[in-house]
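Open the structure in your viewer and keep the selection tool at hand.

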Amino acid sequence: MRLSRRLRHQRVDESLSPTEMSVLGTLARCGSATPGELARKEHVQPPSMTRIVAMLEGKGLVRREPHPEDRRQVVVSQTEQAEAMLAESRRKRNVWLAQLAEGLTDEEWATLRDAAPVLEKLAHL
């Protein structure tokens, strides 16, 4: 938890909430989605996701487009501005983590390599 909290402070845009950053990350990883799909992936209620999408759209980070098959729905996708912000945040976190990692021993690195697949699995459950 402490590492996660410290990583959150390494982002580029401090005006975004952790939930808003998470939604942008989901769009970056999974591609465009309906607000309902985003709500399921983010484990929030659909009305909450509608508000989050509206805030992100107001900041120019996502765009809504008509659903190609169901005109009653919209598809949300990230903008180039969001893509650039996420890339810069990722770069900043990587630099910070690399500086921390310089102090690890070879044994600690081996432990991290062994744990990585398990951590990856837990992150996607």
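**Whole protein.** Keep in mind that this model is predicted. Show the cartoon first. Trace the chain along its sequence, and the order reads α-α-α-α-β-β-α-α. Now look along the principal axes: the C-alpha atoms fill a box of roughly 55 × 25 × 20 Å.

**Contacts and surface.** How much of the protein counts as buried? The figure is 28% of its 125 residues. Among contacts with a separation of 6 or more, 50% join residues 24 or more positions apart.

**Charges.** Colour the side chains by charge. There are 20 positive and 18 negative ones. The centres of these two sets lie 5 Å apart.

Zoom in on Arg8, which sits in helix α1, residues 2–8. Is Arg8 buried or partly exposed? Its relative accessibility is 37%, so Arg8 counts as partly exposed; the buried class lies under 20% and the exposed class over 50%.

**Second stop: a nonpolar patch.** Select Val118, Leu119, Leu122 and Leu125. These residues make up a nonpolar surface patch. Their accessible area together is about 440 Å². Pick out Leu119 and follow its helix: this is α6, covering residues 106–123.

Terms used:
Residues are numbered from 1 along each chain as its sequence is written. This is a predicted model: local features need pLDDT of at least 70, side-chain atom pairs count only at pLDDT 80 or more; totals for chains, interfaces and linings use all residues. Side-chain values use heavy atoms; hydrogens and water are left out. Patches are made of residues with over 30% relative accessible area and no salt bridge: like charges are joined within 9 Å, nonpolar side chains (Val, Leu, Ile, Met, Phe, Trp, Tyr) within 5 Å. Accessible areas come from the Shrake-Rupley method with a 1.4 Å probe; for residues, only the protein chains shown count as cover. A salt bridge is a side-chain nitrogen of Lys or Arg within 4 Å of a carboxyl oxygen of Asp or Glu. Helices (H or I, at least four residues) and strands (E, at least two) are DSSP runs, numbered from the N terminus. Buried means under 20% relative accessible area, exposed over 50%, partly exposed in between (1.4 Å probe, protein chains only). Contact means heavy atoms within 4.5 Å. Lys and Arg count as positive and Asp and Glu as negative; His and the chain ends are not counted. The place of a charge is taken as NZ of Lys, CZ of Arg, CG of Asp or CD of Glu.
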